[in-house]
Amino acid sequence: MRSTSMLRIAYTMPAPAPDEARRIAMLIDDGWDYVHLRHPGLSLADTASILSDIPAWMTGRIVMHDHFDLARDFNIAALQLNSRNSSAPEWYTGAVTASCHSIEEVIRCGAMKYVTLSPVFDSISKPGYMHAFTSGQLDRLSESKVDVIALGGINNDNINELSRYPFAGFAVMGALAWHDDINQFKKSYRCFSL
């Protein structure tokens, strides 16, 4: 179970899940704070189709990793800056978040909604992508001027370890049963509920 003060964020898998819009709506309806729409190989039209199938009031809880131009057509929470998309379009005036992979990157970040730091634990979705931080390094997150979200290998067995460090929340991908039947998916995300 999570601390009530921690943000709870879900990441989609790289390949879209069956009924993905429905699954995203289920997460938001369950109280998840944000869902990161992360499909690096998906076309603009297919990404727009997923967003169109999500109830309009819920798109304000979606963080986009790709196809930033869709922020013109949909009310989204933020754009996630990453290695594929390192800056927001000039016309965009909304919130941004960022992917970080070192403590130094986190500390250098300025005015952002939040940043993710990974991998905090051994990745579930990327075999061989091992945790990269010592306890001492994670303690340095208190130097950050922006909220830091733990990402990488987070599951119901290790989530309580996050409370030892100054994380503002956690993000999960591999621990969610995106590609299983809808009941397994529901069971997987409810493990992280209050």
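This is a predicted model: local features need pLDDT of at least 70, side-chain atom pairs count only at pLDDT 80 or more; totals for chains, interfaces and linings use all residues.

Student: Okay, how many aromatic pairs does the structure hold?
Tutor: There are eight aromatic pairs. One of them is formed by Y34 and Y114, with 5.8 Å from centre to centre and 50 degrees between the planes, and this pair is tilted.

Student: Where in the chain do Y34 and Y114 sit?
Tutor: Y34 is in strand 2 (residues 34-37) and Y114 is in strand 6 (residues 114-117). They are 80 residues apart, and the pair links distant parts of the chain.

Student: Are Y34 and Y114 buried or exposed?
Tutor: Both Y34 and Y114 are buried.

Student: Next one: why is the pair of W91 and Y92 edge-to-face?
Tutor: The planes of the W91 and Y92 rings are at 85 degrees, and over 60 counts as edge-to-face. Their centres are 6.0 Å apart.

Student: And what is the relative accessible area of W91, and of Y92?
Tutor: W91 has 29%, so W91 is partly exposed. Y92 has 13%, so Y92 is buried; the cut-off for buried is under 20%.

Student: Switching topic, which residue lies over the face of W91?
Tutor: That is R72, at 4.0 Å from the ring centre. There is also R23, whose charged end sits over the ring of F185, 5.2 Å from the centre of that ring.

Student: Last one! Which residues form one aromatic cluster with W32?
Tutor: F170 and F192 form one aromatic cluster with W32.

Terms used:
Residues are numbered from 1 along each chain as its sequence is written. Side-chain values use heavy atoms; hydrogens and water are left out. Rings of Phe, Tyr and Trp (its six-membered ring) pair if their centres lie within 6.5 Å; planes under 30 degrees apart count as stacked, over 60 as edge-to-face and the rest as tilted. Helices (H or I, at least four residues) and strands (E, at least two) are DSSP runs, numbered from the N terminus. Buried means under 20% relative accessible area, exposed over 50%, partly exposed in between (1.4 Å probe, protein chains only). A charge sits over a ring if NZ of Lys or CZ of Arg is within 6 Å of the ring centre and within 35 degrees of the ring normal.
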